[in-house]
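Thanks for coming, everyone. Have a look at the structure, and then I'll walk you through a few spots.

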Amino acid sequence: MIALENVTKSYGLGDQTHQVLNNITFKFPYRKSVGVLGANGAGKSTLIRIIGGAEKPDKGRVVRTSRLSWPMGYSGGFQGTLTGRENARFVARIYGASFVEVERKTNEFAELGEYFDRPLSSYSAGMRSRFAMSLSYALDFEYYLVDEALETGDARLKEKFRQIFKQRRQTSSVILVSHNEQTIRKNCDVATVLHNGQLRYFDNLDDAFMLYRKILFKKVVA
Amino acid sequence: MSSGNPVSASESVFTVQFRVLHALILRELKSRYGNRRLGFGWALLEPLIFLMVFVGVMQLIDRSAPSGVPAPLFLVAGISPFFMFRDLFSEVAQGARGNPSLLMFPQVTRMDLIISKVIVNVLVSIAVFIIILIGLFFFGFAFRIENLLGVMTGFSLLIALGIGLGLVLGAVSVRYEFIQSLSQPLLGRPLFLTSGLFFTASMLPPVAREIALYNPLLHCIELIRDSLFESFSSRYVDLEYVCVFALILISFGMMLLGVFERQRK
């Protein structure tokens, strides 16, 4: 289970305090792909960082009793001086997964060839994101945490990753955070809207989009 | 502080934290020494150069080492422990202050990062110390370790002081960034000069000695020399003072870390 319990987070001090998340309680549904829609500055990144444990909430807590991925495709946590294989091993180690399996799958998805045994710092931007994405898929997560970008590589690779993602949606849960309706429509079953520090849940994507559009065009200050 | 988060319901927090620490330590060692030609030699380089320079200076000004201990041995017993303290202090401060991208992995916590850095630094520093001592021994600077327990106590207290000071400074500089740039000139340098790397407490005039002994590092280095060399013994080591000092630093640092946690970013 991945759940937020009374999660509150603000930044700044005194008069400058900006409340980003306001007492959010939400249980991310199991085996569903949940979209989190939010306008720029609504607190999407903060929410991702708090779910993933990169930041602590001021109040409340995050329950993480399922295997949760780091934000998919995010390569900041890798070490540039180490090779792809060494980075893959590091990740396998912290998740207690088998080296052989993780290395094989990563290489199979990313198609890095001999670059798999070269330092990450020698990778091009495209290779780096391919590597990060593949490594995320190489581990079987119960929850995939996704921040915006799911697409990487050329048309063929894009299709390949799309297929893998489709499969994973059947067996795992997804938390996809985005400001883009299309991304949510393509990849999610249900959606929430993050606005004014609140998270509102909708079973129906269209209802979520309606609220989101109202917020964007400022017809409603929800 | 909170420890690792379980990544699945069936695993205990300790299993996960152990795994994370194991992975972080290997990663740190590999990225420091793994892919470089000289490998572990880098860790030896700085203290060795340092040692050679200062031994050279001592020869030039024709000052024999104090208290009947040969100059290189005397210096190593001060430099190595001090470097360990200095590295620990800056790594822990960095770990407490920074926002490392490794935190993006759900089960990796700030405490894991700090603990793994401490372990790697201590292991490397002690290995370097031992290697240099063995090297000197074979160059004819014979000595017999008089009191191993004392040496270990001295190192342990230095470790505690390094962690404590690092936590306090790191936490404070989350809120007050300028503290970080002041720590080297206002803390690092003075400590380097007053911790007894180049002198013993007994060499100081009484007034200066009284002031210098407020520096807990001086006690540690005196203790290490006292325990390493038969011909040198110190009357000024106050273990209780150092222990209390370290404990206060660590608890204060942990407290500050909690207080300033809200003000990150």
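This is a predicted model: local features need pLDDT of at least 70, side-chain atom pairs count only at pLDDT 80 or more; totals for chains, interfaces and linings use all residues.

Now chain B. Take helix α3, residues 71–97, and helix α4, residues 110–138. Their axes come within 9 Å of each other and cross at roughly 165°. That is over 145 degrees, so α3(B) and α4(B) are roughly antiparallel to each other. What is the handedness of the crossing of α3(B) and α4(B)? It is right-handed.

Over to chain A, and helix α5. This helix runs from residue 155 to residue 171, with 17 residues.

Which residues of α5(A) are buried? They are A:Leu157, A:Phe161, A:Ile164, A:Phe165 and A:Arg168. They sit on the same side of α5(A), because they cover an arc of only 100° around the axis. Their packing partners in chain A are α3, α4, β5, β6 and α6. Turn to the other side of α5(A), and you find exposed residues: A:Ala155, A:Arg156, A:Lys166, A:Gln167 and A:Gln170.

A:Asn6 has a phi near 50°, a positive value in a residue other than glycine. A:Asn6 is in strand β1 of chain A. A:Asn196 also has a positive phi, near 50°. A:Asn196, though, is in the loop between β7 and β8 of chain A.

Technical notes
Residues are numbered from 1 along each chain as its sequence is written. Chains are lettered from A and ligands numbered from 1 in the order in which they are written. Side-chain values use heavy atoms; hydrogens and water are left out. Helices (H or I, at least four residues) and strands (E, at least two) are DSSP runs, numbered from the N terminus. The expected span of a helix is 1.5 Å times one less than its number of residues. Buried means under 20% relative accessible area, exposed over 50%, partly exposed in between (1.4 Å probe, protein chains only). The arc is that of the directions from the helix axis to the C-beta atoms. Contact means heavy atoms within 4.5 Å. Axes are lines fitted to C-alpha atoms, for helices over the stretch in contact, and angles run from 0 to 180 degrees between N-to-C directions. Angles under 35 degrees count as roughly parallel, over 145 as roughly antiparallel, 65 to 115 as roughly perpendicular and the rest as oblique. A crossing is left-handed if the near helix is turned anticlockwise from the far one by less than a right angle, and right-handed if clockwise.
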